[in-house]
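Student: I would like to learn how to read a protein model. Could we go through one together, feature by feature?

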Amino acid sequence: MTDLRKKDETAAEHGKCMLNRREFLMYSGTAAAAAGTISISLFPGQPQAKAQVVGYPRKLIGKLSELQDNKPVDFNYPDEGPNSQCFVVKMAGAKAGGGVGPKRDVVGFSYLCTHQGGFLNGKYQAVGDNRVLGQCPLHLSTYDLTRHGIIISGQAYQSIPQVLLELDGDDIYAVGMMGLLFGRNQNLMES
Ligand code: FES
């Protein structure tokens, strides 16, 4: 009983400094390249430290009603800088991790292969239930778009970066990025 109460108190303390996904998206969606600081303490009773929170831009990238099955639509994210080429695609009912829409089949990804930056525009494939990006023209890597872009085969050893999407009515917004864009040491360039 005492242990349970202790656990609850510890969880409550930790809750003060943890962001859930919704809070993270709220921070990340406020303004283009918004940055701010929050105070956190990693352990109960420890002095608080300042941590920088850098937000991704919330960018309108298309309308759900205008997407055609298995036809990628290009956009740049999180900025117009190098290697920011991305696409959004409605995968004709293939439910995906991170997918939005009634069938959870709308996803966004980078076009840059994580191995050596091969350009994957035009390499989206829908074969049966599979939704694949690749083969990369340089060394033949392929990625599974239903499972957060993990590698299926080839020379790459990191998943293709996935764009976090939000649906607001018919509007699709890019609100963040999972994974590091090829050729960058951080996704958000210094402004
Ligand atoms: S650059 Fe794509 S597999 Fe090497």
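Student: How many of the residues in the protein chain are buried?

Tutor: A residue is called buried if 20 or more other C-beta atoms, placed from the backbone, lie within 10 Å of its own. In this protein chain, buried residues make up 29% of the 191 residues. Please keep in mind that this is a predicted model, in which local features need pLDDT of at least 70 and side-chain atom pairs count only at pLDDT 80 or more, while totals for chains, interfaces and linings use all residues. Residues are numbered from 1 along each chain as its sequence is written.

Student: Which residues touch the most other members of the largest nonpolar core?

Tutor: A nonpolar core is a set of buried Ala, Val, Leu, Ile, Met, Phe, Trp, Tyr and Cys residues joined through C-beta atoms within 7 Å. The largest one here has 33 residues, and those that touch the most other members are Val 107, Phe 109, Leu 145, Val 163 and Leu 165. Two or more residues come from each of β5 (85-90), β6 (106-110), β11 (162-168) and β12 (171-178), with β12 giving the largest share, 5 residues.

Student: What is the order of the strands in the open sheet?

Tutor: Strands are DSSP runs of E with at least two residues, numbered from the N terminus, and two of them pair if DSSP finds at least two bridges between them. The open sheet of 4 strands runs β7-β8-β9-β10, with antiparallel pairing. Because β7 (124-127) and β10 (150-153) stand at the edges with a single partner strand each, one side of each is left without a neighbour in the sheet.

Conventions: A residue is buried if 20 or more other C-beta atoms lie within 10 Å of its own, exposed if 12 or fewer, and partly exposed in between; C-beta atoms are placed from the backbone.
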